[in-house]
Amino acid sequence: MDARENELLTRVGPGTPAGETLRKYWLPVGFSHELASDTPRLVRWLCEELLLFRDEFGRVGLIHPYCAHRGTSLDYGWIEAGGIRCCYHGWVYDVNGRCIEQPGEPAGSTFKDKINLKAYPVRELGGIIWAYMGAAKPPELLNYHFLVRADGERNYSSYVRECNYMQQLENALDPVHATILHGRAIHGAPAAPEWMETPSFDVTLTKSMAYYVARRKGPKPDTEWHREVAYVPPLMVVHRGGSLPDEPEPAMVDVAWRMPIDDFNTQTFTLRFYPALNGKPWPQEHKDRPQPAPLMRGTRKQYDMATINGQDSAAQVGQGAIVDRTQEHLGHSDRGVIQVRKLWKNAIEACLKGEDPPNIIRDAAKNRLVHVDVVEKLVKKDELTDHVPRVLYAS
């Protein structure tokens, strides 16, 4: 990859090709349960400083974080009067960025009607706060089944990694790293014993996703670990697609979004959805797996090399804030990495031509239940050999 392509894929600020492509989509900017009406929060997304807040009526706003009056940070403001009140002189802004009150101005003044802060449309779906940071009319917020269903339980988590978002996205379609990085025994036990064997795998690129299908030896001679992982533009990685409501065998969903804070930092939002099991508790996979003691490694920044998250952090942050891809030497095992880059580059180039990138729906009638059919499970050797990951639009 040359330096120009590396810049094309990695820079996300306003006006950059990747940044403008990301701004074509609804993007995750927070969890609903973490945003109370008394805790406005300064946030940074796609290199933009913003304020995320919930007003006393439950509405969520994502607006410019500084008061238009004298520039005081609204992070110290008060949630009241239908918006957020600046702590300095009391100007109030609603979730659309409109100034709706100016206590120091004369009665009957219309000055407030001339004041507007930048504000982005916000929606809540599936316990996640989504924002549209583009300038044009927003597309549909896709009805992924794990966001809209009411027949299960959702678990949320997030973390920040100090590297560019592409280093996390391309890692998703690199099954060999799982064997070397996560399959190594630490204090006598690997973080993921089911990934210890080097897999045989195939990689496929479609218009809407890139994915791999990998097979490894299972714990018994007639078994195999079947693992599929998909990258779905713009930022979603699907480790398990789960099952639709009418399927006879309920299966969990495990998805993550790699949301750029800026060019050098990424926040991952993860969601696990567990469909109802007729009142029965969900089986805890790997519940008997031993938990190795921490193994902290690193000179300037330490990570726990006994955990998957610590191992991935060491590997990805250790590449640098933005890896210099001009110095790489990619091999046959890197074909998944190559397809992630190719798919996202295709999306950016489509956007540059004035076309919609993949997975954009603008007709509400077409925004049916969306299912990313991706499977990970222990199977018999002849099982799931013809399964093809795909994006399905259910009725």
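1. H187 is found in the loop between β13 and β14, where helices (H or I, at least four residues) and strands (E, at least two) are DSSP runs numbered from the N terminus. The phi angle of H187 is near 55°, a positive value in a residue other than glycine. With a relative accessible area of 53%, H187 is exposed; here buried means under 20% relative accessible area, exposed over 50%, and partly exposed in between, with a 1.4 Å probe and protein chains only.

2. This is a predicted model, in which local features need pLDDT of at least 70 and side-chain atom pairs count only at pLDDT 80 or more, while totals for chains, interfaces and linings use all residues. Residues are numbered from 1 along each chain as its sequence is written, and side-chain values use heavy atoms, with hydrogens and water left out.

3. Two further backbone features deserve a look. L384, whose place is in the loop between β24 (376-380) and β25 (390-394), has a phi near 65°, again a positive value in a residue other than glycine. The peptide bond from P233 to P234 is cis, with omega near 10°, and P234 sits in the loop between β17 (223-232) and β18 (236-241).

4. How do α5 and α6 cross? The axes of helix α5 (residues 175-182) and helix α6 (residues 308-317) come within 11 Å and cross at roughly 110°, where axes are lines fitted to C-alpha atoms, for helices over the stretch in contact, and angles run from 0 to 180 degrees between N-to-C directions. That makes α5 roughly perpendicular to α6, given that angles under 35 degrees count as roughly parallel, over 145 as roughly antiparallel, 65 to 115 as roughly perpendicular and the rest as oblique. The contact (heavy atoms within 4.5 Å) is made by H177, L181 and H182 of α5 together with I308, Q311, D312 and A315 of α6. By class, the residues of this contact of α5 with α6 are 3 nonpolar, 3 polar and 1 charged, where Ala, Val, Leu, Ile, Met, Phe, Trp, Tyr, Cys and Pro count as nonpolar, Asp, Glu, Lys and Arg as charged, and the others, Gly among them, as polar.

5. Helix α5 is mostly covered, since 6 of its 8 residues are buried, namely P175, H177, A178, T179, L181 and H182. What covers the buried residues of α5 includes β14 (189-190), β15 (200-205), β16 (210-217) and α6. In α6 the buried residues are G310, Q311, D312, S313, Q316 and V317, and what covers them includes β12 (152-161), α4 (165-169), α5, β13 (185-186) and β22 (303-304).

6. How many disulfides does the model contain? With a disulfide taken as a pair of cysteine sulfur atoms within 2.5 Å, the count comes to 0 disulfides. The sulfur of C47 is 14 Å from the closest cysteine sulfur, in C163, which is too far for a bond, and C47 is partly exposed, with a relative accessible area of 23%. C87 is likewise in no disulfide, the nearest cysteine sulfur, that of C86, being 5.1 Å away; C87 is partly exposed, with a relative accessible area of 39%.

7. Finally, two residues with contacts beyond their sequence neighbours. Y66, in the loop between β4 (60-63) and β5 (78-80), counts as partly exposed at 35% relative accessibility. Not counting residues up to four places away in sequence, Y66 touches G71, T72, S73, L74 and L117, and the C-alpha atoms of Y66 and L117, which are 51 residues apart along the chain, are separated by 8.4 Å. V160 lies in strand β12 and is partly exposed, with a relative accessible area of 49%. Leaving aside neighbours within four places in sequence, V160 is in contact with I261, T266 and Q267.
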